[in-house]
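Hi,

Here is the structure I promised to pass on.

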Amino acid sequence: MNGQIDELDRGIIRCLSKDGRMSFTEIATQLNVTEKTIRSRYKNLIDHEILQVVGVVNPTAIGVKAGAIIELMVELMALEQVIEGLRNLREVRFITTTSGKYQIMTQIAVPSQDDLSSSFKRIRDIPGIIEMNSIIQLNVYKNTFQYI
């Protein structure tokens with residue numbers, strides 16, 4: 001499938017992005033196709049790892065109320081080691097490599113502002129990090145999982 005999807009696949013993804021519990025019957029009705037067609041397309045999207053259906057947690061509702069975006073300058077030879085170190089930290093929600101001064105950008109989410117400093121220390125202790133720039137998140141106005 002190689003990421004090739006058509007408008008029907010996009011419609012299924014849009015429906016499930018809004019409500020991951022939407023029934024195949026309801027999706028079929030909205031998209032004017034049969035339930036069997038939706039069931040088959042859904043299976044294909046899952047099998048080709050284009051779609052993954054998961055429960056999304058509201059972090060505030062479970063006590064995760066503070067976050068930060070952290071830019072990291074790293075020794076290039078240690079890039080993979082730093083990424084692996086970040087992967088092992090529970091509070092790390094997102095990791096990406098970037099262009100520019102900082103090679104890695106990561107996002108953390110923790111219960112309180114007080115927890116941020118201990119997270120920053122754990123990140124600084126990862127071998128291979130040269131410099132760290134922290135951006136504290138004050139308010140989140142949009143956080144979506146809708147890509148289509």
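Reading from the N terminus, the elements come in the order α-α-α-β-α-β-β-α-β, that is, five helices and four strands. These are DSSP runs numbered from the N terminus (helices H or I, at least four residues; strands E, at least two). Please keep in mind that this is a predicted model: local features need pLDDT of at least 70 and side-chain atom pairs pLDDT 80 or more, while totals for chains, interfaces and linings use all residues. Residues are numbered from 1 along each chain as its sequence is written, and side-chain values use heavy atoms, without hydrogens and water.

On overall shape, the C-alpha atoms fill a box of roughly 55 × 35 × 25 Å along the principal axes.

The largest pocket has a volume of about 1,600 Å³. Of its 40 lining residues, Val56, Val57, Asn143, Thr144 and Phe145 are the closest to its centre. A pocket here is an open set of points on a 1 Å grid over the protein atoms alone, where a 1.4 Å probe fits, with protein on both sides within 12 Å along at least five of seven lines; lining residues have an atom within 4 Å of a point. The volume is the space filled by probe spheres set on the points, which are joined across faces, edges and corners.

Which element gives the largest share of that lining? It is α1 (7–18), with four residues. β1, β2 (92–97) and β3 (104–110) each supply at least two.

Finally, Val56 lies in the loop between α3 (35–47) and β1 (66–74).

Best wishes
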